[in-house]
Amino acid sequence: MRIGFYPGCSLNGTSREYNESVKALAKAFDLDLAEIKDWNCCGATAAHSVNKDLSLSLPARILALAEQQGFEEIVVPCASCYNRLSVVQHELTHDEALKQCVTDILEIPYNGTVKILNVVQMIEKYMQDKIEEKIVHPFSHSVACYYGCLLVRPHNILQFDRLEDPQSMDTLMTKIGATPIDWAFKTECCGAGLSVSRTDLVAKLSGNILKDAADRNAKAVIVACPMCHSNLDMRRPAINSYLTKPVDIPVLYITQAIGLAIGISPKELGIERHFVTVNLN
Amino acid sequence: MDNITEFEPKIVAFVCNWCTYAGADLTGTSRLKYATNFKIIRFPCTGRIDYMLLLKAFAEGADGIIVSGCHPNDCHYTSGNFHARRRWVVFRGLLDFFGIDVRRICFSWVSAAEGGKWADLVNSTVAEIRELGAYKEYQKVAGYLEKEECNE
Amino acid sequence: MSKIGVFICHCGENINGTVDCHKVAEEIAKVEGVEYALDYKYMCSDPGQTLIKQAIKEKGLDGVVVGSCSPRMHEPTFRRACAEAGLNPYLCEMANLREHCSWVHEKGEATTQKAIDLVKSLVEKVKRNKPLVNIEVPVTKKALVIGGGIAGIQASLDIANAGHKVILIEKDPSIGGHMSQLSETFPTLDCSQCILTPRMVEVAQHPNITLYTYAELEGLEGFIGNFKASIRLKAKSIDEKLCTGCGLCTTKCPNKKIPSEFNAGLGTRTAIYVPFPQAVPNKPVIDKEHCTYYQKGKCRVCEKFCPTGAITFNQEDRIITEEIGAVVITTGFNVLKTDYFPEYGYGKYKDVINGLQFERLASASGPTYGEIRRPSDGKIPQKIVFIACAGSRDPAKGIPYCSKICCMYTAKHAMLYQHKVHGGESYVFYMDIRAAGKNYDEFVRRAIEEDGVNYVRGRVARVYEKDGKLIVKGVDTLLGAKPVEIEADMVVLATAGIANKGAEQLAQKLHVSYDSYNFFAEAHPKLKPVETNTAGIFLAGACQSPKDIPETVGMASGAAVKVAGLFSQDKLVREPLIAVVNRSAPPIFSTCVGCFMCQTACPYQAIEREEIKNRNGEIIKTVAKINPGLCQGCGTCVAFCRSKSIDIQGYSNEQVYAEVMALLNN
Amino acid sequence: MENSESIPVRLLKQTGVDVTHCYQCGKCTAGCVLASEMDYPSSYVMRLLQTDDRENYQQVLHSNAIWLCLNCENCIARCPMEIDIPKIMDYLRAESLKAGYVNKKAKPVVAFHRAFLDSIKYTGRLYEVGLVAGFKARTFRITQDLKVAPVMYLKGKLNLMPEMVKDLGKIKSIFSKTVNNKNRENK
């Protein structure tokens, strides 16, 4: 079936390997992902840090476009975009006045009928029961599943997994032969939007996360969010200068981990785009 | 009746024995003053107050009515006041149909400790009813009641 | 043609000061049906009452109206006076000329006129009053106490010592309840079991108390003084007459790995077991869910070893019924388990325990014989963190109320820890310290000042395990919200007190109301704390809301006194101001059409269905019938009745309509 | 702030969040990853807002904390009173900008947000090179990330040319109706 695909900005830039791996996975499970035409940025943290209406309008336009282009369901791999879109959809459904004023701004009809899936939900819905049979190289490593903030919170809106110590990614990892570790930083923030403006803080927060994962000898950190990835991966030099004892633990997207397990080539999954080289096994 | 002297409305209060009646007693013991054209009838509970009584009162020439009992959850009989409140909500709707101005009936909660509140309530009601003037249409209601009675 | 006597009281100057009492009397004398009217300085005084009595006798009055103070003040006085003069007391009414007239108005014509109107309207009412006789209901002088915790024990003993029979039922195999699980008690630190077990024994031996353990209430019907309770005696699978309580079976039972309820899951027990050494009765029961024989059909080891052959596998549950006059509910409370707290690890960390579990660790009869040891590895924790308000005052978790006892027992726990683990470090994260009670605050101060417990004002956001330590992330809000991180060996959650499981169902069986947290509701928050809104059913202890031992015991004794008071009469006498469904000659029998709207309105389940049969026993119609024992006379049913078939004595439609009309037509 | 209504009431009307619900348990601060970096941690901010004191309110608008808040929502996830602190933070940031109270330490953060939004405004999508350039221009941090950028380019993570949304007019109009709209109060 044809499902809408909203890559979001980072998946076309800094995190294109995420984009590639999602598409590769979709292909392998013959899932037809069609990019939403003429999509715009969701505004991310910047928008709602500065202006409420803007932070509502930008995501609303994306959802409106999706409706226009006849999608019932859209996949949003970027946790931040997923969060923004879901929150906006929720707010507009629960506030008619707000909905009206936003549609006025958009000048295109918005009903808020599109179902929004994050990557984990996509895998759970369309792939998980087929994963086992496809496995060629079991991903037999101990992994730390890092959910970050935006995938699970706010819980009352997203209703995804449980709030503390979520399990969905761990379950998927066990399916591909990995052993997820029980650790403490599953949902602690990595520093997100401060990546550029306050690299020092990001180094600290991401550092604590990686340290705990390493201390519990995880061989890889599994993520489902480009921001988490770029902070944990790209910011590694800064992180290691913050940490007394540097860590070289690679950070993979859940789509990459599964991709590798079912035999998609590292190239196709954009593994080599990582800053921290991935040499597992 | 000459129009120099102010119109003195007749007002009846239907109150429950446990909260408002006692509250009105407290008004007395604290010597707070209110208008004389105002009389209290005692009931075990506001739940007992059949709204036909209110219509009867209007029929008998009352210009205004107060119904008051225990605050929600304080009812001596646990839920009588809730029944009264629900009945009131239904009854309001009918008042228009009877040609009675809703403002002529004041529905309130006054506890045994609220002597002051009772005095204020009475005075404000008296003032309000003075504004509204005498209730003339009661013959209609009386007529309606007669019919009601023979239906029974 | 009625003969009403009207008596206007001056109340000194209280009434006469603003009302012309003499004029009132004069005016009233003119009213049709008024035989006699006079005014007098003090009607309530002996001479005053004598005036009334004489008038009744000499003039042969058939109704009396006293115009004086509020009926809430002297109605009983004047009604008694009438009765003494041979007039039915319910033919006497009072007009409130003081609180509702003389005191609230200035002196003048209008005030006097109002007084006249008030008296008139009551004259009209009295003309329609009917002589009424007080209601008498018999009393079965035997009480049912539900729940054998300290509340139930205290209530049972007090009632029994007052010379009345008591049936005490307890759902568990032994009485004792939560108190038997406690180590020491605040604020005195005396050993809980030492003060409780003698009481337990007393209960077992008291000639007036029948104790049924492993028993639950099936149902209750009837009304105050006349209840019928059916009680389920769960099969214990042993013959208590033969069993000597030697305990051999419990040592031989192969199934030893069952988590012990008494030790709050920290210890284990066997399938045939006595909950704890001092249990009353000290005889085992077989827990069918865990017994290998009941589950798999073979084993019978206990039977093999029992020297008296007391094991009886074929035993069935029995249902008995008891006639009782009053009920005391003492079913107690429960505490949240640690798995209720996601942020503290969903209960997956062995060393994060709740307060009750800490009690067991600190108790000499506990799994560690009173030594504070970590459940995970048995090590003695060098650093321990207590988290107050775990669940309490937390609307997000659905528990907005304060559990009341946590502040005190947490202080006690920290103190006990400091006493038992020398050089140990203890932290208490709290929001407020609520230590209202005799020697309570002193107790908390002692924990802080003498035992060096570190109190930190702030809540803990999360607890996680790292390298065998529990990392506690808290905050000190008194230092400008400074984050605090503690590497603890053990964490104790003062988890919220909640209603006991099954409380809701029990309340419905008993027809008593309960709040949104399933705690039983008292009849009045201030003046009727141990009564329920169902006459004859009383409350005590934590089943009404979490409370400590002294409060519980006090409440239990209070409830016991209520029961004893009830049992002190052979018959219950109540004012007859209750509802009645009219009855008339065949073929109508009653104007009641049997819609039973009244039943939905009645807060007391006082309205029953009565089938009217003809000679051949065929049902002609079903009509409502008021149970005079249950009806409290609120009259809600009267207003509800569509066919005006219910009326309430003392406030009948006829009476109040007359009152209204008289009041308005002057 | 000309109207007489109290600060808590205004916050309630503007954001739907009632700061008076906060009973200062501090659980939000205890769980906040950046609390130790903030001049006023979240629970402290809540207290300052509760006081309905203009000075305290301005202190908050001046604070660094509101710009450090990552909106990771740890706080609301655990708040016993379910107070939406992130929402309040969003509002405070907007107010701080409007009033020109932005804390000096927070300038880079604001600069980043601005650069970010500009990038969207002119291309409809985030153009990272443009973003970083814009950010550096605003903060004069010319040398920052000099090491990272080339590697990113090599790893094919940087587009030298921005992607464009075709219907740019629409994006521009959205901006003109929101951020650049002076007469619209944030609701």
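Chain B and chain D have no contact with each other in this predicted model, and 24 Å lies between their closest C-alpha atoms. Chains A and B do not touch either; for that pair, the closest C-alpha atoms are 29 Å apart.

**Where chain A meets chain D**

- The contact brings together 42 residues of chain A and 49 residues of chain D.
- On the chain A side, the elements that give two or more residues are helix H1 (9-12), helix H3 (44-50), helix H4 (52-68) and helix H11 (199-215).
- The residues on this side of chain A comprise 19 nonpolar, 14 polar and nine charged.

**Inside chain A: two domains**

- Chain A splits into domain 1, covering 2-119, and domain 2, covering 132-273.
- Taken over C-alpha atoms, the centres of domain 1 and domain 2 of chain A are 23 Å apart.
- Each of these domains of chain A puts 26 residues into the contact between them.

**The domain 1 side of that contact**

- Two or more residues come from each of H1, helix H2 (16-28), H3 and helix H5 (79-93) of chain A on the side of domain 1 that touches domain 2.
- H2(A) gives the most to this side, with nine residues.
- By residue type, this side of domain 1 of chain A has 13 nonpolar, ten polar and three charged residues.

Technical notes. Residues numbered from 1 in each chain as written. Chains lettered and ligands numbered in written order. Predicted model: local features only at pLDDT ≥ 70, side-chain atom pairs only at ≥ 80, totals over all residues. Contact = placed C-beta atoms within 7 Å. Helix = DSSP H or I, 4+ residues; strand = E, 2+ residues; numbered from the N terminus. Nonpolar A, V, L, I, M, F, W, Y, C, P; charged D, E, K, R; others polar. Domains from an automatic or database assignment.
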